[in-house]
Amino acid sequence: MKKNDYIEILLSILAALFIGGIVIFIMGFNPLAAYGELFKGAFQGNFGFGSTLAKFTPLLLTALAFHISTTVSVFNVGVEGSLYLGAMAAAWVGFGLTGVPAVIHVPLCLIAGAAAGGLWALIPAALKVYYNVNEICTTILLNYVAIDITSYMVNFPLSSKSGSPQTPSISDSASLTEFMLPSKANTGLFIAIALFVVLYWMLYHTTMGYRLRSTGANPAFSEYVGINPKREMMAGMFISGALGGIAGAIEVMGVYGCFLDNFSNGIANNGMLVALISRGDIRIIPVMAFFLAILQSGALGMQRYTSLDDSIISAIIALFILFATMQGLFKLKTTFGGPKKHTGLKTGSEK
Amino acid sequence: MSGILNYTLFHSMIRNSTSILFAMLACSITQQANILNVGVEGIMLVAAFTAVATSFFTGSWLLAIFAAIVAGVLIALIIAVANIKYKADIFAVGMTVNMLALALTKFANHNILHASGSFTSQDIKPIPDVKVAALSGNAVVDSLFNQYNLMEFIGIILIFVTGYFMYKTVFGLRTRSIGMNQMAALTAGINVVKQKYVVMVISGVLGGLGGAYLSLGYTHMFTENMTNGRGFMGVAAMFFGNMNPVLGWVGCLLFGLLDSVGSQLQAYGIPSQLILMQPYIITVLILSAVLIVRKRKKTKLQSTNAGEA
């Protein structure tokens with residue numbers, strides 16, 4: 001990302017907050033006080049800051065998942081599906097296995113989640129790579145299938161029979177350690193950060209990363225220099241799905257303690273938008289994910305103060321992302337040097 | 001099985017497919033100009049809310065449809081300006097607009113209609129059904145041909161109107177030429193920017209009608225997130241029909257049929273989740289099958305051409 005991009009993102013945030021502020025003002029509240037409550041809610045005390053961290057973890061992982069798929073120029077909208085299936089797999093291993101020490105049980109659950117999510121992502125990947133079936137369409141559709149599959153499993157074969165649609169609780173040896181109680185923050189946070197570091201290193205400092213990036217940048221050239229772009233695309237999608245699966249596994253192992261029907265409510269969609277506003281720059285992803293996490297967890301604090309529900313915060317987030325996706329919305333060309341060239345993402349829709 | 005597959009299925013298939021049909025039309029027409037309009041979900045949701053609110057406050061379903069169209073066009077224009085003027089990625093804008101629509105309608109539902117979750121009232125004037133007294137004598141005839149909602153007729157008429165405009169008029173030719181090769185269209189003197197805006201406005205009108213149908217025809221209420229993926233199913237139906245409205249309609253009818261059969265199978269104790277996922281699986285299978293066959297044909301053609309040469 002260039003300097004202009006950073007400033008554009010900053011201005012997008014300010015513009016969205018400004019418009020939100022006007023609405024809050026019209027509703028009869030003091031916008032500055034409301035935003036003050038928002039940031040207090042996101043940072044104050046164990047509960048506030050812990051909730052922000054708990055929301056940050058899946059946002060970071062799903063944003064990375066989406067980023068890695070766009071690196072190989074595939075648009076994986078199906079991270080949500082991988083997240084659900086990964087969560088289900090982790091829950092299954094979590095309550096199914098007993099008498100295993102935590103050192104083995106926790107990694108096993110994570111691997112199960114990653115495998116389930118990754119394999120699921122290979123379906124649209126194979127259709128895209130070998131038959132050119134539009135992956136945006138198939139992944140959107142397969143998300144519904146994944147959610148229905150997990151909903152079926154949690155209601156019938158794997159039901160806890162407790163009346164509510166959830167699996168039995170996972171055993172203690174499979175749980176991630178919580179901290180900053182009573183918030184839901186857990187050691188999954190460190191797993192997510194570690195995965196970010198590993199992914200960054202892999203993408204920019206290994207040949208595998210070079211192959212992936214080269215495939216996305218120019219498949220014809222890659223093939224010429226001896227890279228198999230089809231294989232790289234499949235690999236990228238597997239990693240993408242696996243990250244989504246791990247995000248789901250961490251939600252189960254760290255936050256809920258079991259698989260809950262329909263628990264996600266669009267986590268991966270938000271992650272995808274985080275990746276989109278980061279304009280293909282992996283280093284910005286944690287920053288943006290953290291910012292979105294602040295807004296989301298702070299919404300509760302603001303709700304206590306203003307009686308405005310969290311839909312206003314969702315609207316502000318949506319406006320911010322909308323502004324951030326527009327290029328040159330704030331006409332910075334004259335102020336900060338010559339015309340800039342955009343090097344952002346390409347969708348499958350731009351043929 | 002005879003309890004499931006009977007004549008009433010036809011009527012409910014049409015009912016269930018109509019909202020998807022409007023979404024399919026709205027994104028078929030933009031896809032012809034190479035705009036993948038995933039924002040149709042958001043267009044429909046905002047339109048659905050506007051329709052209910054207008055009908056509730058004015059007591060007129062005609063005004064409600066009009067307001068829904070205006071709302072649909074407004075949202076479509078947001079997408080159009082972001083994508084065409086500010087070069088925002090169409091997919092990102094579409095998904096963001098869906099998120100914005102969800103938040104805005106939820107906010108308005110709380111603060112204008114003072115309802116949470118869903119809003120329903122005696123004062124909502126729905127779009128009327130078309131009833132022909134002469135047909136209501138026989139139960140079978142009545143179910144097959146009578147008592148359709150006005151919008152269900154309009155939807156079917158619009159398929160052919162859209163098809164005609166796309167394939168038989170200069171307007172359609174220009175739109176399709178943008179989709180085929182934007183540079184060539186530009187060179188041929190077509191005002192690509194204007195054409196894209198016009199197409200997006202039409203898409204907003206169609207999505208607006210779909211939203212109005214959803215909240216004033218299909219149901220008589222507004223529910224938060226009531227589109228619930230219907231816009232995406234419209235996108236899928238568009239891919240199914242390869243941008244052709246008539247073929248896309250077949251996809252919509254398939255969705256509608258599975259939906260109707262599914263709700264009846266539920267009564268037989270089959271888990272609803274297993275039924276609900278069928279339309280999505282079938283669409284993926286059909287999409288794949290269409291493209292696999294197309295690829296086979298292409299390679300066959302290439303090999304025969306190579307043989308002749």
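How many helices and how many strands does the secondary structure of chain A come to? The count is 13 helices and zero strands, where helices (H or I, at least four residues) and strands (E, at least two) are DSSP runs, numbered from the N terminus. Read along the sequence, that gives α-α-α-α-α-α-α-α-α-α-α-α-α.

A word on what you're looking at: this is a predicted model, in which local features need pLDDT of at least 70 and side-chain atom pairs count only at pLDDT 80 or more, while totals for chains, interfaces and linings use all residues. Residues are numbered from 1 along each chain as its sequence is written, and chains are lettered from A and ligands numbered from 1 in the order in which they are written.

Now for the overall build of chain A. Its radius of gyration is 21 Å, close to the 20 Å from the globule rule for 351 residues, so chain A is as compact as a globular protein of that length. (The radius is taken over C-alpha atoms, and the rule is 2.2 Å times the number of residues to the power 0.38.) Along the principal axes, the C-alpha atoms of chain A fill a box of roughly 65 × 60 × 35 Å. Of the 351 residues, 56% count as buried, meaning that 20 or more other C-beta atoms, placed from the backbone, lie within 10 Å of the residue's own. Take the contacts in chain A between residues at least 6 apart in sequence: 79% of them join residues at least 24 apart. A contact here is two residues whose C-beta atoms, placed from the backbone, lie within 7 Å.

Next, the place where the chains meet. 43 residues of chain A are in contact with 39 residues of chain B. On the chain A side, the elements giving two or more residues are α5 (102-131), α6 (135-155), α11 (267-277) and α13 (311-325). The largest share, 13 residues, comes from α6(A). By type, this side of chain A divides into 26 nonpolar, 15 polar and two charged residues. In that sorting, Ala, Val, Leu, Ile, Met, Phe, Trp, Tyr, Cys and Pro are nonpolar, Asp, Glu, Lys and Arg are charged, and the others, Gly among them, are polar.

Chain B has a boundary of its own, between domain 1 (8-271) and domain 2 (277-309), with bounds from an automatic or database domain assignment. Their centres, taken over C-alpha atoms, are 29 Å apart. Eight residues of domain 1 of chain B are in contact with six of domain 2 of chain B. On the domain 1 side, α10 (230-240) and α11 (245-265) of chain B each give two or more residues, and α11(B) gives the most, with five.

How values were computed. A residue is buried if 20 or more other C-beta atoms lie within 10 Å of its own, exposed if 12 or fewer, and partly exposed in between; C-beta atoms are placed from the backbone.
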